[in-house]
Amino acid sequence: MDISANSDLVAQVEHLSKRYGTADNPVTALDDVSLGFRRGEFTAVMGPSGSGKSTLMHIMAGLDQASGGRVRLGETDITSLDDDALTILRRRRVGFIFQSFNLVPTLSLQANITLPFELDGRQPSATEQAWIDELITTLGLGSRLAHRPHELSGGQQQRVAIARALATRPDLVFADEPTGNLDSRTGRNVLALLAAASTQYGQSIAMVTHDPIAASYADRIIFLADGKVALDRGRSTPEEISAYMLGMERAA
Ligand code: ADP
Ligand code: MG
């Protein structure tokens, strides 16, 4: 599948491959993956452990280099950017929620959440501040804003990372197991927040998850197996998603 530049797509990967290891002992993490991510779409990325989900997120976010193929964010081919240009593009257009939260230990929660604005040398506008306040309330962080990350539980730190990733309303948000450390009620709040970010603000979300219930919040579900796209489905119920997963296990 060849995808030419398409403005409905917020991100495209074309013939993407990633190999780790040595020539004698290669590990193929991604094997000729081509995908388009539409604007405002909430996509769940599923698949067995080691199938390449995190590698795909890292390369699309410009945090790791492909061995072959291309990644476009909007009209920009990020594989051709130098480090400085990539840093600016990431800061302005992309949000990340990764398993290691990457919070700054010396900063308060409040300062961690608004760090993307600080790095971009500006203050949040009134509308942005209202959205940040909504994030803080929805994520139950209001009473913790003066605390430092080490004073919080893992789940609380994860919620701060979520608020920070969504604060600037980036075009594209990558989330790797964002509900993994959360209790089920907070997890549902986070999923509803991601869904709202896509429907209300047209943000595109790409979320790795193992959980059929979490994936049922998405508009689209992509399954990876052995570094390839094994299945690409529209919105599905948790039962349907469990059945896809079972079918893939049987096929493997
Ligand atoms: P997933 O997120 O689906 O569990 P990953 O993308 O983390 O899968 O990994 C895909 C494959 O690439 C696995 O076989 C994994 O062991 C390998 N891999 C990932 N990162 C590295 C690395 N830094 N060095 C060597 N192999 C890696
Ligand atoms: Mg992973």
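Guide: Welcome! A polar contact is a pair of N or O atoms within 3.5 Å; within protein, one must be able to donate a hydrogen and the other to accept it, and residues adjacent in sequence count only if both atoms are side-chain atoms. What you see is a predicted model, in which local features need pLDDT of at least 70 and side-chain atom pairs count only at pLDDT 80 or more, while totals for chains, interfaces and linings use all residues. Residues are numbered from 1 along each chain as its sequence is written, chains are lettered from A and ligands numbered from 1 in the order in which they are written, and side-chain values use heavy atoms, with hydrogens and water left out.

Visitor: At the start of α7, how far does a side-chain oxygen of Asp183 lie from the backbone nitrogen of Arg185?

Guide: Helices (H or I, at least four residues) and strands (E, at least two) are DSSP runs, numbered from the N terminus. Helix α7 covers residues 184–201. At its start, the side-chain oxygen of Asp183 comes to the backbone nitrogen of Arg185 within 3.1 Å.

Visitor: Which residue just after α7 takes a positive phi?

Guide: Look just past the end of the helix, where phi is about 65 degrees. The residue with this positive value is Gly202.

Visitor: What covers the buried residues of α7?

Guide: Buried means under 20% relative accessible area, exposed over 50%, and partly exposed in between (1.4 Å probe, protein chains only). In α7 the buried residues include Val190, Leu191, Leu193 and Leu194. Their cover includes β3 (42–46), β6 (94–97), α5 (126–138), α6 (154–167), β8 (204–208) and α8 (212–215).

Visitor: Which side chain makes a polar contact with the side chain of Glu177?

Guide: Glu177 sits in the loop between β7 (172–176) and α7. A salt bridge is a side-chain nitrogen of Lys or Arg within 4 Å of a carboxyl oxygen of Asp or Glu; Glu177 is buried yet has none, as Lys53, the nearest side chain of opposite charge, is 6.1 Å away. (Lys and Arg count as positive and Asp and Glu as negative; His and the chain ends are not counted.) The polar contact, at 2.4 Å, is with the side chain of His210.

Visitor: How many residues apart in sequence are the parts tied together by Asp219 and Arg235?

Guide: Their salt bridge brings the closest N and O atoms to 2.9 Å. Asp219 lies in the loop between α8 and β9 (220–225) and Arg235 in the loop between β10 (228–234) and α9 (238–251), so the separation of the tied parts, in residues, is 16.

Visitor: Is Arg220 buried or exposed?

Guide: Arg220 meets Asp232 in a salt bridge (2.8 Å, N to O). Asp232 lies in strand β10 and Arg220 in strand β9, so the pair ties together parts twelve residues apart in sequence. Asp232 is partly exposed at 37%, whereas Arg220, at 7% relative accessibility, counts as buried.

Visitor: How many salt bridges does the structure hold?

Guide: One joins the side chains of Glu128 and Arg122 (3.1 Å, N to O). Glu14, Arg70, Arg72 and Asp77 are linked in a network of them. For the structure, the number of salt bridges is 13.

Visitor: What is the relative accessible area of His15?

Guide: His15 lies in strand β1 (residues 9–21). Its phi is positive, about 50 degrees, although His15 is not a glycine. The residue is partly exposed, with a relative accessible area of 33%.

Visitor: What separates the C-alpha atoms of Ser108 and Asp83?

Guide: Ser108 is in the loop between β6 and α3 (109–113), and a polar atom of its side chain lies 3.1 Å from the backbone nitrogen of Ala111. Ser108 and Asp83 are 25 residues apart along the chain, and their C-alpha atoms are separated by 28 Å.

Definitions and conventions
Expected span 1.5 Å × (residues − 1). Contact = heavy atoms within 4.5 Å.
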